[in-house]
Amino acid sequence: MVRETRAYRCHAISEDIGSITLDSVLVEDPGPGEVQINVKACSVNFPDLLMIQGKYQFKPNLPFAPGGEASGDVIAVGSEVSGLKEGDRVVFGSRHGCFAETLNVSADAINPIPGSMTYAKAASYGTAYQTAYVALTHRGNLQRDEWLMVHGATGGVGMAAVDIGKYLGARVIGTGGTDAKLAVVKSRGADEVINYTQADGSLGGFRDRVKSITGTGGADVIYDPVGGDVFDESMRCVNWGGRILTIGFTSGRWPQAAVNLILIKQIAVIGVRAGEVGRRDPQLGRKFHNELYQLANEGLIDPYVCAGFPLERAVDAMRMLENREVVGKCVVTMNGYELETSGV
C-alpha cells in the first residue's frame with residue numbers, strides 16, 4: 001500500500017536554510033529488510049544545516065529531507081525482518097531523511113527506545129552521546145578524577161560530554177557564552193562553569209581561571225567542538241601530558257596548533273570523528289554503540305531537550321540552532337507528539 005505523507009525537503013543547495021519546502025510525498029510499502037516508521041521526534045543537528053548549504057562532507061542527492069536521527073512507532077514490517085513488529089517504539093539513525101512523517105528504514109539501523117526514554121530524548125542521544133563517548137573513552141582515555149574541560153558545554157555535543165565525563169568519574173569544567181545556559185549545565189552536574197565571553201561578545205581569557213580551579217597546570221583533557229580562539233586559549237591551559245580533543249569548529253575558524261607548546265607540555269592534539277570510527281571498523285563501532293545503548297537503557301545518561309517544534313516549523317527549529325539559542329538539543333515533532341515540558 002502506498003502512503004501519502006509529508007516531508008520537509010531541500011530541492012537546491014542554498015545558504016538560506018529557509019529555502020526547504022514542506023512537500024507531499026509517497027511512501028511505498030517497506031521492502032525486504034526494511035521497516036516503516038511513523039516518526040514522532042527528530043533531533044536537529046548542525047549537519048542538517050550544513051547539508052542544505054552544501055558545506056557538509058556528505059552530500060546527498062537532491063531532493064533530500066534533512067534529519068539524521070529520530071524516534072517513532074513501527075507501522076509496517078517488510079520481509080526478512082525479525083525482532084520487530086507493528087507498534088514497537090524505536091529509535092534509528094540515518095544520514096538524512098528524518099524530517100518526514102513516515103519513512104522506510106533498514107531494520108539494521110533500528111533499536112528499541114532505551115528504557116523509559118521519551119521520544120524526544122531517544123531522538124537526541126545517539127549522535128551527541130556517541131561523539132562524547134568515543135572521544136572521552138577511545139580517543140581521550142579520560143581517567144577518574146582527571147579534570148575535563150568541555151567547551152560549548154551548553155550545546156548538544158557539549159552537554160553530552162559533561163554527562164559522560166561525570167559518568168566516567170572526572171571532575172568537569174563546562175564553558176559557554178551565557179550565564180543562563182551555563183546554569184543549566186551546572187544544575188546537571190558540572191563541578192565548575194566558566195563564561196568565556198566579554199561584554200562585547202569577544203572571547204575572554206580563561207586560562208588563569210582554569211589553572212586556579214584545577215590547582216595544577218590546567219585541564220587534563222579538553223573537549224573542543226568550538227575551535228578558533230577557544231582552541232588557542234586551550235593550548236595555554238592544558239596540563240602537562242594533557243589531551244586536547246578537537247571535535248569541530250562551530251566558531252567558524254580552523255585554528256593552527258602551536259607546535260612549540262605541544263613539545264614543551266608534551267600534550268596531544270587528537271581528532272575525533274565518531275561516525276568514521278564505525279565506518280572504518282564496524283566491529284569497534286558496534287562495541288561503542290552497544291555500550292552507549294546499555295548506559296541509556298539503564299538511565300545512566302540523560303539528554304536535555306529544551307524545545308520542540310512541529311514539522312510545519314522545522315525551519316524555526318534549525319534557525320534556533322543556527323542562532324545559538326539551543327540549550328542541549330531541540331527536536332522536530334510530528335504525528336501528534338508534543339513535548340510535555342522543557343528538558344524532557
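This report walks through some pockets, pairs and backbone details of a predicted model.

## Ground rules

Local features here need a pLDDT of at least 70, side-chain atom pairs count only at pLDDT 80 or more, and totals for chains, interfaces and linings use all residues. Numbering runs from 1 along each chain as its sequence is written, and side-chain values use heavy atoms, with hydrogens and water left out.

## The second largest pocket

Let's start with an open space. The second largest pocket holds about 330 Å³. A pocket, on a 1 Å grid over the protein atoms alone, is an open set of points with protein on both sides within 12 Å along at least five of seven lines, and its lining residues have an atom within 4 Å of a point. Grid points are joined across faces, edges and corners, and the volume is the space filled by probe spheres set on the points.

In total 17 residues line this pocket, and Ala-65, Gly-97, Ala-100, Thr-102 and Leu-103 lie nearest its centre. Strands β1 (3-9), β2 (21-27) and β6 (102-106) each put at least two residues into the lining, and β6 gives the most, with four. Strands (E, at least two residues) and helices (H or I, at least four) are DSSP runs numbered from the N terminus. By class, the lining has ten nonpolar, six polar and one charged residues. Here Ala, Val, Leu, Ile, Met, Phe, Trp, Tyr, Cys and Pro count as nonpolar, Asp, Glu, Lys and Arg as charged, and the others, Gly among them, as polar.

## One cavity

How many cavities of 30 Å³ or more does a search of the whole structure find? The search finds one. A cavity is a set of grid points where a 1.4 Å probe fits but cannot get out. The largest cavity has about 30 Å³ of space, and its lining is made of Tyr-129, Gly-156, Met-159, Ala-160, Pro-303, Tyr-304, Gly-328 and Lys-329. Helix α3 gives the most to that lining, with three residues.

## Around His-151

His-151 sits in the loop between β8 (147-150) and α3 (156-167). Is His-151 buried or exposed? His-151 has a relative accessible area of 0%, so it is buried. Buried means under 20% relative accessible area, exposed over 50%, and partly exposed in between (1.4 Å probe, protein chains only).

The side chain of His-151 makes a polar contact of 2.8 Å with that of Thr-175. Such a contact is a pair of N or O atoms within 3.5 Å; within protein, one must be able to donate a hydrogen and the other to accept it, and residues adjacent in sequence count only if both atoms are side-chain atoms. Leaving aside neighbours within four places in sequence, the contacts of His-151 include Tyr-196, Phe-206 and Asp-224; contact means heavy atoms within 4.5 Å.

## Aromatic pairs

The whole structure has four aromatic pairs. Rings of Phe, Tyr and Trp (its six-membered ring) pair if their centres lie within 6.5 Å; planes under 30 degrees apart count as stacked, over 60 as edge-to-face and the rest as tilted. Tyr-196 and Phe-206 are a tilted pair because their ring centres are 6.2 Å apart and their planes are at 40°. Both Tyr-196 and Phe-206 lie in the loop between β10 (192-195) and α5 (207-214), so the pair ties together parts that are ten residues apart in sequence. Tyr-196 is buried at 11% relative accessibility, as is Phe-206 at 1%.

Phe-249 and Trp-254 form another tilted pair, 6.2 Å centre to centre with 50° between the planes. Phe-249 is partly exposed at 38%, while Trp-254 is exposed at 67%.

Helix α10 (residues 314-322) has buried residues including Ala-314, Val-315 and Leu-321. The buried residues of α10 pack against β1, α1 (46-52), β14 (305-310) and β15 (329-333). Just after α10, Arg-324 has a positive phi of about 60°.

Most residues other than glycine have a negative phi, and most peptide bonds are trans. Glu-80 is not a glycine, yet has a positive phi of about 65°; Glu-80 lies in the loop between β4 (69-77) and β5 (89-93), and is exposed at 72%. Asn-335, in the segment after β15, has a positive phi near 55°. The peptide bond joining Leu-62 and Pro-63 is cis, with omega about -10°.
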